[in-house]
Structure formats: structure tokens, C-alpha cells
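Okay, hi everyone, thanks for making time.

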Amino acid sequence: MPHLPITLAKDIYFVGVFDPDIRTFDIVMRTANGSSYNAYLIKTDEGVIIVDTVKKEFQDDFFLHVEALCSYDAIKYVIIHHIEPDHSGALPELIRRAPHAKVLISPQATMMLKALTNTEEINFETIWTNKQLSLGGKTITFLTTPYLHWPETMSSYVHEDKLLFSGDVFGAHYYDKRLFNDKVGDFSYAFQYYYDHIMRPFQSYVRSALKLYERFDIALIAPLHGPILRDNPQQYIDSYQQWSHKTDNANTGKKVLSIFYLTSYKNTQEMAQMIFEGSESVEGVVANMYDLASIEEQNMMAILEESDGFLIGTPTINADAPKPVWDLLSCLMFLDKQGKCAGAFGSYGWSGEAVDHILARLKALKLRVPPLTPLKIKLIPSEDELQMCFDFGVEFAEILQGKMVEIDLV
Ligand code: FEO
């Protein structure tokens, strides 16, 4: 049974839906407490504004909530902060039912809107930072908050109610029909988990969005998933400030190079040691070594996050890099990789493909991979080869320090 619309502020209602049974979201996220697809409705004397919609399979409940508050003819605008299907699934049907509605989206969402509705005949207008909508005593300022977590994502602020519609920002996959943060159970783990999996790869964009939000006095945050934040919303902004804080290596004046390695017969480890010594000899670079065989994933992520550059040393086993190396690479999905330098090296017995596989993957992930000669050594490094490793460390560290080289970005 659908619940009745819930009031957030004067003439502003929750018309979203609950999904208590979902246990995996977007393939990579576990949702032990289910989730919600939050949508909102603003009623004014001059017409109705719908703020986002819901996943298509839940649209019947969404429409019941809308119908409890207004007729479709009264809908003047539909604001879509984020066009991912969990928020735009009901949009095609909503447009069909609400003939006078104009869809407001960011310019980047235009092509997707057409693909979603499979028509060019859509009544829409694009919005961006500082554009305003005034209707029946509600004034909404739009804010471009891209890559949080898609290119087109937006937020908006309702001045009369000091309400921030934040999109996925400040969201949590946490179903609790009591809905408001002062009523629901402890969802702090879900709030941080959501940040770690959705926002963390875009930390610089989080910082930009927080700067935009700073201009406003925010009494209430209405995100697209999970609890509505009306009790001390500042604490959630503070958490985002803290989590997205840029590691300030400028304090030490040094660039951080992390050298991860995996070793079977200590040959790759020996290479790592010489690379470490070479890079440490460069002023302004601090290097550290980590054995991938015994490092926890959370620690690995923290290290990668604070590194300006990293190197991966891997043996080749059955023509590939062993699993711990790929585990490290899969962590990068959740991190902001912008501007980081990376490279690979390793000792091998027969064919030595692992280093090439890793280099290709690093390039595909858009890391800055300097065009150094691939450092692959057959079995036990000789004295000359150890010197090559030292020199490789020096050169990589110098590049970290700003030495100019041409880097092909795939
Ligand atoms: Fe909640 Fe990015 O969709």
C-alpha cells in the first residue's frame, strides 16, 4: 500500500517510493537496508513543480502520490536533477500524463532525455548555476554540480524554505519509512558507504559543489536516496568536507610515490627496492613500499588516495598478473584518479606479459602513464638490471616532480 504524501516544508511534499527489498544497487553496492527513490512535489498558486521521479517499476505508487496532491493538468515544471533511470524511470509516463509540464534539465542531460523518451518532441529547457525559477511564491536557484556522480547532475535551492535538493549528493541507500533523519535508525554507516562508493571517485567535484552550497543558508537537505536531513544538516555537509578534503602534501612540500609489489621469489621485490632507492634519491619525493600479499583493501585505498603517483610490481604467472594486482586496480574505480602518475614493472620467468597488461589497464583508466621503457626483467636481476631499476625510480620521481615528458592519454 502506498503511504500518503509526507510534508517536508510549506507546500513541499515527498512523493517518492520505498524499495525495502533491494540488496544490490548498480551491481557494486550492497544495500542491506534497502533504499528509497526520493521525489518531491511543490504546490503553488500558479501551478505544481515535480522534483525528480522514481524507478520505472515503482511508478504506479509515485503517480498515486502525485494524484493525491494535484491534477496532472496543474503540473507546470518537472525538474530532473539526475537522469539516471532510478530517478527518471517514471519521466516518460509523467510527460505523457502532464501535457503542460516543461522538463528542466542540465544541458548535458539533453541527449539522454531524448534517448529516454525516444522522441524529439519534448517540452524542455536547460538550466545551470544561478538560473532561477519563480512560481507562485517559490524561488528556486539551480546549481550545476557535475559528476556527482554523472556528468549532468544538478542541485537546486528553494529560498523560501532554505531547502537544498541535492540530487545523489548526501544520499544513502537506507530504507526507513520514518524518512527524516531525526526519526529513522542510525544510518551513518549507509551514509558513509554511499559516499565511498558514489562520490569518492569525484572528490574534486564534491569540493566544488560544497563551495556552491556555502552561499546558502541550508535548513533542510532533500537528497534522492535515503533520509531527508532536517536535524542539523550541517553535520552531513561537514562529513563531506572532511571526506573530500584534499590531502595536502604541500605541507611537506613533497610528492608521494607508493610502490606496490607482489613477489614469488623476491626478484620483483628486489626490483621494487632499487626503484624505491632511486626515487628516494630525488629531492622532494617521498617513496614507500607495500607488499600486496598482505595489505588490507581499505589501507590500499587510503594509500592510493594520498599518492601523487604509484607503481605496481608484478610477476607473470600463466601469462597474467596474479589476483592481488587486479584487486588493487579494481580499487581505483572508487578513487579520484585525476592527475595521478602510474607505471608497472616486474620480473618474469617465461613470457612476462603481466607488466604490459597492467600498463594497458592503467592507461585505460586514464592515469598518467609516462612513456618509460617497460621495466621487465627475466628472473634474477643482474647488477646492470638493478641499476636500470634505480634509474627508472629516479626518472619516475623526476616526472612526479614536474619533469616534462609527453604522455599519451588513451
Ligand atoms: Fe540515484 Fe545516480 O542515481
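This is a predicted model: local features need pLDDT of at least 70, side-chain atom pairs count only at pLDDT 80 or more; totals for chains, interfaces and linings use all residues.

Residues are numbered from 1 along each chain as its sequence is written, and side-chain values use heavy atoms, with hydrogens and water left out.

Helices first. Two packed helices are described by the angle between their axes and the distance between the axes. Here, H8 (residues 267-280) and H12 (residues 383-400) pack at about 45°, with axes 7 Å apart. That makes H8 oblique to H12. For the word itself: under 35 degrees is roughly parallel, over 145 roughly antiparallel, 65 to 115 roughly perpendicular, and the rest oblique. Helices here are DSSP runs of H or I, at least four residues, and strands are E runs of at least two, numbered from the N terminus.

Who touches whom? Contact means heavy atoms within 4.5 Å. On the H8 side, the residues include Met 271, Met 274 and Ile 275, and on the H12 side they include Leu 386, Phe 390 and Val 394. By class, the contact has nine nonpolar, three polar and two charged residues. Nonpolar covers Ala, Val, Leu, Ile, Met, Phe, Trp, Tyr, Cys and Pro; charged is Asp, Glu, Lys and Arg; the others, Gly among them, are polar.

Now, how many salt bridges are there? The count comes to 16, where a salt bridge is a side-chain nitrogen of Lys or Arg within 4 Å of a carboxyl oxygen of Asp or Glu.

Take Arg 96 and Glu 93, which pair up at 2.7 Å, N to O. Both sit in helix H3 (residues 91-97), three residues apart, about one turn of the helix. Is each one buried or exposed? Arg 96 has 60% relative accessibility, so it counts as exposed, while Glu 93 has 16%, so it counts as buried. The cut-offs are under 20% relative accessible area for buried, over 50% for exposed, and partly exposed in between, with a 1.4 Å probe and protein chains only. These two also belong to a salt-bridge network with Glu 67 and Arg 97.

Next, Lys 138 and Asp 161 form a salt bridge at 2.7 Å, N to O. This pair links distant parts of the chain, 23 residues apart: Lys 138 is in strand E13 (residues 138-144), and Asp 161 is in the loop between strands E14 (154-158) and E15 (163-167). Both residues are buried.

How values were computed
Axes are lines fitted to C-alpha atoms, for helices over the stretch in contact, and angles run from 0 to 180 degrees between N-to-C directions.
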